[in-house]
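User: I'd like to learn how to read a structure like this one, feature by feature. Could you walk me through it?

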Amino acid sequence: MALRKAEWEQETSSLPPGWPTEGCIDMRGLCLRYRQDLDLAIRNITINISSGEKVGIVGRTGAGKSSLMLGLFRIIEAAEGHIFIDGVDIAQLGLHELRSRITIIPQDPVLFSGSLRMNLDPFDNYSDEEAWRALEYSHLKSFVSGLPDKLNQECSEGGENLR
Ligand SMILES: Nc1ncnc2c1ncn2[C@@H]1O[C@H](COP(=O)(O)OP(=O)(O)OP(=O)(O)O)[C@@H](O)[C@H]1O
Ligand SMILES: [Mg+2]
């Protein structure tokens, strides 16, 4: 089987601007593997997750929970089957399009050395007002208001100075 290089941006993207608006995830016959010469890590998963539905995925170590997440971001590509998010087959998207539209909240947060603002909005896409609103929704507004430099507070790597 020939390997195809994944596109970063698709030249002719028809992705709706707000995609994904609902957040329905439909996996059909999904198989994932880490390398061509390895066994499947995920074998034939079919699941339909509705908008707003919260789903817990449980399984013993090595069952494939983390692999499923990597499949959503196409860090590992589907060997067979498809993942549709709001009806869009994610295999048809550029990696940048896909990864800039969905997010993961990991168990251990990642903070880079730099200002708090840079960590909140690394591509400078939002106003200070929007940054403060995000902090308010996260119940962090009073914490950040109490920092000497507020949004410009310098974070050390891993947020060591913010504990
Ligand atoms: N980087 C990798 N390269 C090759 N195989 C991998 C890699 N990471 C995981 N696997 C394999 O994929 C399968 C699923 O592993 P995965 O890490 O998704 O399990 P998990 O359910 O997240 O386990 P845990 O509960 O330990 O986090 C296992 O057989 C594992 O050996
Ligand atoms: Mg895991």
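Analyst: Happy to, and let's begin with a pair of strands. Strands β3 and β4 run antiparallel and are joined by two bridges. Keep in mind that this is a predicted model.

User: Which residue stands opposite phenylalanine 84?

Analyst: A bridge can be read as a pair of facing residues. Here phenylalanine 84 faces aspartate 89, which belongs to β4.

User: What should I look for in the hairpin of β3 and β4?

Analyst: Look at the turn and its backbone angles. Two residues sit between the strands of this hairpin, and aspartate 86 among the hairpin residues has a positive phi near 45°. Most residues other than glycine have a negative phi. Aspartate 86 is not a glycine, yet its phi is positive, about 45°. You will find aspartate 86 in the loop between β3 and β4.

User: What is the phi of lysine 150, and where is this residue placed?

Analyst: Lysine 150 is not a glycine either, and its phi is positive at about 50°. Its place is the loop that runs between α5 (141–145) and β6 (154–155).

User: Peptide bonds next, please. Which residues does a cis peptide bond join?

Analyst: The general idea comes first: most peptide bonds are trans. In this chain, tryptophan 19 and proline 20 are joined by a cis bond, with omega about -5°. Proline 20 belongs to the segment before β1.

User: Back to the strands. What is their order in the open sheet?

Analyst: To read a sheet, go across it from strand to strand. The order in this open sheet of four strands is β2-β1-β3-β4, and the pairing is antiparallel. At the edges are β2 (42–49) and β4 (88–89), each of which pairs on one side only. Helix α1 (residues 65–72) packs on the sheet and touches β1, β2 and β3 (78–85). The direction of α1 makes about 110° with that of β1.

User: How many bridges join β1 to β2, and how many join β1 and β3?

Analyst: Take the two sides in turn. Strand β1 (residues 25–32) is antiparallel to β2, with five bridges joining them. On that side, leucine 30 has isoleucine 45 in β2 as its bridge partner. With β3, β1 pairs in the antiparallel sense over six bridges. There, cysteine 31 stands opposite glutamate 80 of β3.

User: How do I place the sheet within the whole chain, and what pattern does the chain follow?

Analyst: Count the elements, then read them along the sequence. The chain has five helices and six strands. Their pattern is β-β-α-β-β-α-β-α-α-α-β. For overall dimensions, the C-alpha trace spans about 55 × 40 × 30 Å along its principal axes.

User: Let me try a loop residue. Where does leucine 40 lie, and which residues is it in contact with?

Analyst: For a loop residue, look past the sequence neighbours. Leucine 40 lies between β1 and β2, in the loop. Leaving aside neighbours within four places in sequence, leucine 40 is in contact with Cys31, Leu32, Arg33 and Ala79.

User: Finally, the ligand. Which residues are around ligand 1?

Analyst: Start with the shell, then go to atom pairs. Around ligand 1 are Tyr34, Leu38, Ala41, Arg60, Thr61, Gly62, Ala63, Gly64, Lys65, Ser66 and Ser67. That shell divides into four nonpolar, five polar and two charged residues.

Technical notes:
Residues are numbered from 1 along each chain as its sequence is written. Chains are lettered from A and ligands numbered from 1 in the order in which they are written. This is a predicted model: local features need pLDDT of at least 70, side-chain atom pairs count only at pLDDT 80 or more; totals for chains, interfaces and linings use all residues. Side-chain values use heavy atoms; hydrogens and water are left out. A residue is near a molecule or strand if one of its heavy atoms lies within 4 Å of it. Ala, Val, Leu, Ile, Met, Phe, Trp, Tyr, Cys and Pro count as nonpolar, Asp, Glu, Lys and Arg as charged, and the others, Gly among them, as polar. Two strands pair if DSSP finds at least two bridges between them. Contact means heavy atoms within 4.5 Å. Axes are lines fitted to C-alpha atoms, for helices over the stretch in contact, and angles run from 0 to 180 degrees between N-to-C directions.
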